[in-house]
Amino acid sequence: KEVTWALPEGFVLGTEPDMRSIDPWKLKGEIICMRWKGYGWQLGKIYEIITTATPRLAKKFNFRVAWADNSKGPASLTAANYASGADAALDSWVILKKANKD
C-alpha cells in the first residue's frame, strides 16, 4: 500500500524555492519529501548537486538524495514538480523544515 501524504512529526512545509534564480548549492542539506511510484511519500536529504561533470546523470537529474530507507539516488527536483498533498503527481517533492518548539 502506498504511503499517503502527511507531514512527518516535527516538520512543517518549507517555502517553495524559485528554481530559476536559486543557487542549487543552497538546497544542499535540505530535507525533502518526494512521492515515489508504487511507494508513496519518502523522506530524504539532498547531499549532492549533479553537475555537467557527470553528463549522463545531468541530462535527467539535478540532485542526489539520501533517503530515509538508507538508499541513495539521483532525483529531478524542479519547480514544475513541487507539490504536496494527497492529489500531488508522482515525483512531486517539497522542502521540509524542522518545526519550532514553543
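**View 1. Trp5 is a partly exposed ring in a predicted model.** At 22% relative accessibility, Trp5 counts as partly exposed. The class limits on relative accessible area are under 20% for buried, over 50% for exposed, and partly exposed in between (1.4 Å probe, protein chains only). This is a predicted model, where local features need pLDDT of at least 70 and side-chain atom pairs count only at pLDDT 80 or more, while totals for chains, interfaces and linings use all residues. Residues are numbered from 1 along each chain as its sequence is written, and side-chain values use heavy atoms, with hydrogens and water left out.

**View 2. Trp5 and Trp41 form an aromatic pair.** The structure holds 4 aromatic pairs. Rings of Phe, Tyr and Trp (its six-membered ring) pair if their centres lie within 6.5 Å; planes under 30 degrees apart count as stacked, over 60 as edge-to-face and the rest as tilted. The centres of Trp5 and Trp41 are 4.7 Å apart and their planes are at 65°, so this pair is edge-to-face. The pair links distant parts of the chain, 36 residues apart: Trp5 sits in the segment before β1 (11–13), and Trp41 in strand β3 (residues 40–49). Strands (E, at least two residues) and helices (H or I, at least four) are DSSP runs, numbered from the N terminus. Trp41 is buried, at 6% relative accessible area.

**View 3. Trp36 and Trp67 pair edge-to-face.** Their centres are 5.0 Å apart, with 85° between the planes. This pair also links distant parts of the chain: Trp36 belongs to strand β2 (residues 31–36) and Trp67 to strand β4 (residues 63–67), 31 residues apart. Trp36 is partly exposed at 23% relative accessibility. Trp67 is buried at 7%. Ring pairs join Trp36, Tyr39 and Trp67 into a cluster.

**View 4. Lys72 places its charged end over the ring of Tyr47.** The distance to the ring centre is 4.9 Å. A charge sits over a ring if NZ of Lys or CZ of Arg is within 6 Å of the ring centre and within 35 degrees of the ring normal.

**View 5. The largest nonpolar core has 19 residues.** Such a core is a set of buried Ala, Val, Leu, Ile, Met, Phe, Trp, Tyr and Cys residues joined through side-chain atoms within 4.5 Å. Ile32, Ile46, Leu77 and Trp93 have the most contacts inside this core. β2, β3, β4 and β6 (93–98) each supply at least two of its residues. The largest share, 4 residues, comes from β6. Beyond its neighbours within four places in sequence, Leu77 is in contact (heavy atoms within 4.5 Å) with Met19, Ile32, Met34, Ile46, Asn62, Phe63 and Trp93.

**View 6. Gln42 is a buried residue in strand β3.** Its relative accessible area is 4%. The side chain of Gln42 makes a polar contact with the side chain of Asp69, at 3.3 Å. A polar contact is a pair of N or O atoms within 3.5 Å; within protein, one must be able to donate a hydrogen and the other to accept it, and residues adjacent in sequence count only if both atoms are side-chain atoms. Not counting residues up to four places away in sequence, Gln42 touches Ile32, Cys33, Met34, Trp36, Trp67, Ala68 and Asp69.

**View 7. β6 pairs with β1 and with β2.** Two strands pair if DSSP finds at least two bridges between them. β1 and β6 run antiparallel and are joined by 3 bridges. Phe11 has Lys98 in β6 as its bridge partner. β2 and β6 are also antiparallel, over 4 bridges. Here Met34 is bridged to Trp93 of β6.

**View 8. Leu27 and Arg20 lie in the loop between β1 and β2.** Leu27 is buried at 2% relative accessibility. Arg20 is exposed at 77%. Leu27 touches Pro17, Met19, Ile22, Ile46, Phe63 and Ile95, leaving out residues up to four places away in sequence. The C-alpha atoms of Arg20 and Ala79 are separated by 8.3 Å, at 59 residues apart along the chain.

**View 9. Asn70 and Asp91 have positive phi values.** Most residues other than glycine have a negative phi. Phi of Asn70 is near 75°. Asn70 lies in the loop between β4 and β5 (72–75) and is exposed, at 73% relative accessible area. Phi of Asp91 is near 70°. Asp91 lies in the loop between β5 and β6 and is partly exposed at 44%.
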